[in-house]
Amino acid sequence: MTNGITFSDAPVAEATIRNDWTRAQVAELYHQPVLDLVYQAASVHRQFHDPQEVQVCTLLSIKTGGCSEDCSYCSQSVKYNTGLKAEKLMPVDDVLARAREAAESGSTRFCMGAAWREVRDNRDFDRVLAMVSGVADLGLEVCCTLGMLTPEQAEKLKAAGLYAYNHNLDTSEENYGNIISTRTYDDRLQTLENVRRAKISVCSGGIIGLGETDEDRISMLHTLATLPAHPESVPVNALVAIEGTPLQDQPRVPVWDMVRMIATARILMPQAMVRLSAGRLEMPVAEQALCFLAGANSIFAGDKLLTTPNPEVDADQAMFQLLSLKPRKSYKQEEAGQMRPA
Ligand code: SAM
Ligand code: DTB
Ligand code: SF4
């Protein structure tokens with residue numbers, strides 16, 4: 001306000017935790033002028049998080065390729081000729097060596113991904129349970145993304161020391177059948193419920209750039225924000241277009257679309273860690289900075305995601321220095337810190 005003149009009547013969002021957002025409210029947030037949206041999201045972000053802190057996670061593909069699902073974006077489906085070589089489940093010791101390297105380079109969360117439709121109760125699952133407890137013993141937050149889980153499998157993972165489970169909705173319920181035909185949206189929601197019931201932290205988000213409409217994006221954000229409890233972490237992936245998949249010719253996602261998704265997610269789910277996930281390799285630092293301003297506070301670090309490249313560790317460290325960002329401690333380090341005498 002200057003001399004009684006108000007230059008903007010854009011409301012600063014009331015940062016309360018709500019699970020009763022309507023679709024119209026989500027649409028209204030999403031469609032605001034983008035700079036107003038960023039301003040609102042940045043205001044909410046600062047009420048719940050230290051804006052300099054960014055969680056650094058490392059991904060490892062523990063079982064690559066040969067997946068029976070037909071997700072149209074994925075390099076690992078057997079249905080498409082992507083040139084990816086399928087591999088067996090990694091040995092536990094190799095995984096633990098990679099987890100140690102991740103911890104040494106500053107990661108606090110280690111996420112293990114398997115190209116499975118669902119977990120089966122077999123020796124491979126027992127091996128994953130051993131990986132989970134080994135990684136937890138290193139002091140890292142352990143996360144897995146293994147496909148669908150039964151309630152019993154979720155309990156076993158929890159007992160082994162699993163901290164979080166990633167299971168993305170990927171797109172709207174309405175668009176789901178255009179992207180994946182081998183499972184349903186309800187299957188996805190059921191696994192999220194099984195994870196939540198086992199008291200495992202929920203990580204769930206989606207991908208943009210699949211050819212979806214704004215309405216689809218709004219619908220997916222609405223589903224996430226009206227779950228009985230918000231996911232603790234919400235990854236926003238930009239499609240990495242993979243040759244040989246049905247989505248190989250999709251154009252690159254414009255940064256403003258990432259910014260809109262991240263900012264809207266931040267306002268709807270103020271406490272969540274919003275992760276600027278796949279797609280960073282194509283984004284200059286200035287674009288990533290816009291995403292941090294819009295409320296992203298988590299990234300995947302390390303030169304590989306699951307099967308595609310990611311920025312080099314050195315480049316990310318330089319970005320952190322330039323933007324005065326600092327890696328967030330893990331919940332375990334925080335607990336240890338609180339227990340130390342003042
Ligand atoms: N198979 C398990 C599943 O689908 O839940 C776990 C691994 S899967 C690769 C994990 C997530 O990675 C997918 O849900 C999707 O959101 C994301 N993803 C996979 N391929 C991608 C791509 N080409 N671009 C962006 N995100 C991708
Ligand atoms: C998520 O939302 N993104 C990550 C993680 N969860 C498992 C996966 C991104 C995969 C990008 C394509 C690839 O490297 O194969
Ligand atoms: Fe399989 Fe997961 Fe890829 Fe779908 S996204 S094809 S379930 S690895």
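**Before selecting anything**

This is a predicted model, in which local features need pLDDT of at least 70, side-chain atom pairs count only at pLDDT 80 or more, and totals for chains, interfaces and linings use all residues. Residues are numbered from 1 along each chain as its sequence is written, chains are lettered from A and ligands numbered from 1 in the order in which they are written, and side-chain values use heavy atoms, with hydrogens and water left out.

**The whole chain**

Along its principal axes, the C-alpha trace spans about 70 × 55 × 40 Å.

Next, colour the chain by accessibility. Of the 342 residues, 54% are buried. Buried means under 20% relative accessible area, exposed over 50%, and partly exposed in between (1.4 Å probe, protein chains only). Among contacts between residues at least 6 apart in sequence, 76% join residues at least 24 apart; contact means heavy atoms within 4.5 Å.

**Ligand 3**

Select ligand 3 and the residues near it, that is, those with a heavy atom within 4 Å of it. Which residues surround ligand 3? They are C67, E69, C71, Y73, C74, S77, A115, W116 and R183. By class, this shell has 6 nonpolar, 1 polar and 2 charged residues. Ala, Val, Leu, Ile, Met, Phe, Trp, Tyr, Cys and Pro count as nonpolar, Asp, Glu, Lys and Arg as charged, and the others, Gly among them, as polar.

**L306**

Move to L306, in the loop between β9 (298-301) and α11 (313-322). L306 is partly exposed, with a relative accessible area of 28%. Leaving aside neighbours within four places in sequence, L306 is in contact with L59, L60, S61, Q76 and G113. L306 and G113 are 193 residues apart in sequence, yet their C-alpha atoms are 7.2 Å apart in space.

**Two residues with positive phi**

Select K199, in the loop between α7 (185-197) and β5 (201-203). K199 is not a glycine, although its phi is positive, at about 65°. Is K199 buried or exposed? Its relative accessibility is 66%, so K199 counts as exposed.

Then select S324, which lies in the loop between α11 and β10 (326-327). S324 also has a positive phi, of about 55°, although it is not a glycine. With a relative accessible area of 44%, S324 is partly exposed.

Go on to A296, in the loop between α10 (285-293) and β9. A296 is buried, with a relative accessible area of 2%. Not counting residues up to four places away in sequence, A296 touches H45, I262, V274, L276 and C291. Draw a distance from A296 to G134: the two are 162 residues apart along the chain, and their C-alpha atoms are separated by 29 Å.

Now select A263, in helix α9. Its relative accessibility is 0%, so A263 counts as buried. What does A263 touch, not counting residues up to four places away in sequence? The residues are L37, A41 and A294. From A263 to F292, 29 residues apart in sequence, the C-alpha distance is 9.3 Å.

**G244**

The last stop is G244, in the loop between β7 (233-238) and α9 (255-268). G244 is partly exposed, at 31% relative accessible area. Leaving aside neighbours within four places in sequence, G244 is in contact with Y80, N81 and T82.

Conventions: Helices (H or I, at least four residues) and strands (E, at least two) are DSSP runs, numbered from the N terminus.
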